[in-house]
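User: Could you take a close look at one part of this protein for me, the nonpolar core, and walk me through what surrounds it?

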Amino acid sequence: MKLCIADPPYLGRAVRWYGEGGCGIGNGDGQADNHPNAYLWDKPETHQNLVKELENNYDGWAIAMSVHSLSTYLSIIETDSRNGIRVCVWHKPSAVTSGNRITNHWEPVLIRVPETRKGWKSGAARVKDIATFNPPKVGFMGAKPVEWTHWILDLLGYEDGDEIVDLFHGSGAVTHALSVQRLF
């Protein structure tokens, strides 16, 4: 199986964290990286095209996103247990503070489970559609913890021999997680 984990720049936040002139945390401090075409990811159609690419090229996939972009994705995707597409939740107990009064302690993850891995098989572990892990405290802004990647692989029904593609490998977190023994 060919599986993909996509953690693109979040809609409406791409230039801030990855674009030329982006402010990061403030005054350019804390920018994760710098890409001259980051502005493209601040357009809803770029995210919608990502879904089309994933559907055409992978057996199963996961897309990390902010709560504010969930409606953009769901406008072109029907979630249904029969098609293997589900919205899952990453609960983050330690949220990054912002200027908002309401703090953001969760992120949606849209997954498409491969057809042959949707059903429950005897002896297979059940996987919850919600997981609680703190984001890493050091490194790349937006990087996911090792446990997050292992949870995504479990959701996708990963088996030894599957090909895993990290479509946005900025922090290297997915590649690192693949080399680390499962923690749970």
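Analyst: Happy to. This is a predicted model, in which local features need pLDDT of at least 70 and side-chain atom pairs count only at pLDDT 80 or more, while totals for chains, interfaces and linings use all residues. Residues are numbered from 1 along each chain as its sequence is written, and side-chain values use heavy atoms, with hydrogens and water left out.

First, the setting. The protein has five helices and six strands (DSSP runs numbered from the N terminus: helices are H or I of at least four residues, strands E of at least two). Their order from the N terminus is β-α-α-β-α-β-β-β-α-β-α. Of the 184 residues, 40% are buried (under 20% relative accessible area with a 1.4 Å probe, protein chains only; exposed is over 50%, and partly exposed is in between).

Now the core itself. A nonpolar core here is a set of buried Ala, Val, Leu, Ile, Met, Phe, Trp, Tyr and Cys residues joined through side-chain atoms within 4.5 Å. The largest one has 20 residues, and I5, V109, I111, W148, W151 and I152 touch the most other members. At least two residues of this core come from each of β1 (2–6), β2 (60–64), β3 (85–91), β4 (106–112) and α4 (146–156). The largest share, six residues, is supplied by α4.

Beyond its neighbours within four places in sequence, W148 is in contact with I5, A64, W90, V109 and F133 (contact means heavy atoms within 4.5 Å). The charged end of K144 sits over the ring of W148, 5.7 Å from its centre.

The bridge partner of I5 in β6 is D166. β1 also pairs in the parallel sense with β2, over four bridges, and there A6 has I63 as its bridge partner.

Methods
Pairing = 2+ DSSP bridges. Lys NZ or Arg CZ within 6 Å of the ring centre and 35° of its normal.
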